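Subject: Structure handover

Hello,

Please find the structure below, followed by notes on what was found in it.

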Amino acid sequence: MLVKEVFTQLYKHSITKENPAWELECDCQNELTFNLVETLFQHELMELFYTYKASEKVIPIIHLHFDEIINWKQRSKLKEHKDVFSYLQFTWGICATTQLNLDGEFIYCFDVFMKSVFGRTFQNGEQYDLSDIDPYGFLNSKNNYIANSKEIVEQWFSQLYYYSKSFSGLNEWCVYFFEEVYYHLNEDFQIEQYHPQFLSNLLSWCEVNFDKRASRAIRNIIEREFNLITWSENENENEIKKSLGLQLLLCRDYRNTKKGELLAELEHNSEFNPLSKMQSREALCYDEESLTKNFSELIASIKDYNLFLETQNLDIFQCTYQRARIFKIFLSIFNIASDIEKTNIIEEILLNYYNVDKPQETGKTLFIIPNQYKRVAYCFPHKSVYDEKDSQKLIIEIIDAENKAFNTYRLLKGGIKQEIIITDFSVGMPLPKFAYDFEKRLLSLYDFNKIKEDLFNANSMSQFDLNSFPLQTLMMKTINKTLPINLSLSKKLDFPKIEKILFWSGFSQTSEIEREALEEIFQFAEIEFEVHNEENSSLKKFQNRIIEYKPDIVWISSHGEYQHYEPNISSIKLSESESISIRDFEQLINKDDKRRLLFLNVCEGGVHSQTGEFKNIGFPNLLTATNQDIISHLWMVEARFACVFGVFVALGVALLQKNYFEAFEYSLSRVLIDKETILEELETFPVNLTNLKERIQNNDSTEWDNIITTGSPVYNI
């Protein structure tokens, strides 16, 4: 059979059907053919990613090809045939995870790793036996090509350790295999071109897991091999030595005072790519003196890295993932800046790293670092406030409580022992019965009373990592004051006088009641209120109307669907037949020169994925700008609450003449109390809101002081 007749699924989706390898007889006992087939797979996958530019479109093809290989293996009666298909199954996993790790799209890697060795995917909580996996067993194959595949096996491990240290996944695999991997790195070791990256991934994993003994062991191998190679005319050897030297440069707290000399040696004998150059400059900034000395060169290297990204023909999703993937390199500098009370350093790095078009005025943002060693750091302009406590232990407890409260399975980096409970609920489903434990643990970490008086020195706040926490709700409940969450880092236009609202009334349980209440409020205030729904409009008409009408507020009341495991396919459902996919976010970009509020009164419209410690994929990160703010919700929101919350925002902007953020604060302060207080507040306004009041009066099930029920609102700028 021809290669194309054996691997029909990959051939069906092939971008390069003209590749002559497809026409070969599929004789994988022939080493040349085997190599051509393996190379073909790698080439096809790279072409698929390049062509589609959307991993969610390539992932189904990856699994179709997986399934066909596995099916051939299961149908094969000869052991030598089974060995070939097992190997191809394994190498296909390497092809896929290499590309996904490089792109920073770690969310898909778990299933790929599982299929590459077990031949199937596993559900959350499903048990498996790691002793069934023997990657190095391929080296004992009677097939000479497979038996000489140590590089391939170690490439698989390289991707595994990179994935684990970056995304916390499969950490138990890394622990289980570490001794065997270490043994093979010492037994008859001969360094090859791929080893520096492999050693780097191993070392990074050890450091993330706070394993000093293992870190030292891997670092010793890197140092040994670096010293064994001399600079010469041999370009391959020079490249290996340069890569090993870079890893030594990046070692945490290792010979810091000698790093300048090492970097000088490396740059004298070789050239760094823009990413490595930026990493090397960061490595030189290990205390206040070295940071001050090397800061300008660090900023220059960040700018060069941005120029490099611009040459790579990446879309905004790919750029976002790339920046999120490596953002953590700056965290140690942020801690130094916190210690020396110079938040301008944090701001300057962020503004340059994210290449902000219209940067904000510096010295106005509060930066929160919740996981510093034994403390929470609140970094105000020219002042840091520290709350001494075992923050890292508390964060573990909070994440466990969050997982339980929202039926999620978030893992912290470093192989930390966590309590993971598997349930039958859908992922992300809020469970209000766990609210009080969740809130109690959050408040054990965040004591906002310690910064209450300092809040007036900032006009926004940003937190590194843990961006699913309801900080604004916590602040309103404890000190009755909060700040916008700053994602765009841009200079904001002034708040406008509100004159026009464009509203989409979707098909949530309370959209009609919300529409009716808003219509009454805005008509009373003589503010234009234009309503669209699936009966009188469409997505295209709504989009065109946004451009023509130039509303001050675009208000969408409907359903949101954030895919926790596939954020690339998240969407806002306007009707049963039409949605705004996150890939189509440009439809909601504000192109006018006035500040607009985008109010996404939908479930999970305020979420962004957790790969990076600051910005990642989600509607808020993609849509906040100098001329647009966003109000939405961090999790699935109860329809009755969302309706009431929206009504109080409308009352704030229309009848109390508050700006967008003041109206958000006002609404949040009212809905976090109880039903009676809400009804009393509504009675103070010169509008009837009859149906809304009846719905609140007759509804005894909403727990208004339950943080899971009412704590989801978030305001991003």
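A salt bridge here is a side-chain nitrogen of Lys or Arg within 4 Å of a carboxyl oxygen of Asp or Glu. Helices (H or I, at least four residues) and strands (E, at least two) are DSSP runs, numbered from the N terminus.

This is a predicted model, in which local features need pLDDT of at least 70 and side-chain atom pairs count only at pLDDT 80 or more, while totals for chains, interfaces and linings use all residues. Residues are numbered from 1 along each chain as its sequence is written, and side-chain values use heavy atoms, with hydrogens and water left out.

Salt bridges

The structure holds 32 salt bridges. In the pair above, Glu 267 is partly exposed at 33% relative accessibility, whereas Arg 281 is buried at 8%. Buried means under 20% relative accessible area, exposed over 50%, and partly exposed in between (1.4 Å probe, protein chains only).

Another salt bridge joins Asp 390 to Lys 374, with the closest N and O atoms 3.6 Å apart. Asp 390 lies in the loop between β3 (383–388) and α19 (391–406), and Lys 374 in the loop between β1 (365–372) and β2 (375–380), so the pair ties together parts that are 16 residues apart in sequence. Both residues are partly exposed, Asp 390 with a relative accessible area of 31% and Lys 374 with 37%.

Glu 519 pairs with Arg 515 in a salt bridge whose closest N and O atoms are 2.6 Å apart. The two are 4 residues apart in helix α22, which means about one helical turn separates them. Glu 519 is partly exposed, at 25%, and Arg 515 is buried, at 14%. There is also a network of salt bridges that links Lys 393, Glu 397, Asp 437 and Arg 441.

Glu 514

Glu 514 is in helix α22 (residues 511–524).

The side chain of Glu 514 does make a polar contact of 2.9 Å with the side chain of Asn 601. A polar contact is a pair of N or O atoms within 3.5 Å; within protein, one must be able to donate a hydrogen and the other to accept it, and residues adjacent in sequence count only if both atoms are side-chain atoms. Setting aside neighbours within four places in sequence, the residues in contact with Glu 514 (heavy atoms within 4.5 Å) include Phe 503, Trp 555 and Cys 643.

Cysteines

The structure has 0 disulfides, a disulfide being a pair of cysteine sulfur atoms within 2.5 Å. For Cys 109, the closest cysteine sulfur is in Cys 174, 12 Å away and too far for a bond. The sulfur of Cys 206 is also too far for a bond, with the closest cysteine sulfur, in Cys 174, at 9.4 Å. Cys 109 is buried, at 0% relative accessible area, and Cys 206 is buried at 0%.

Regards
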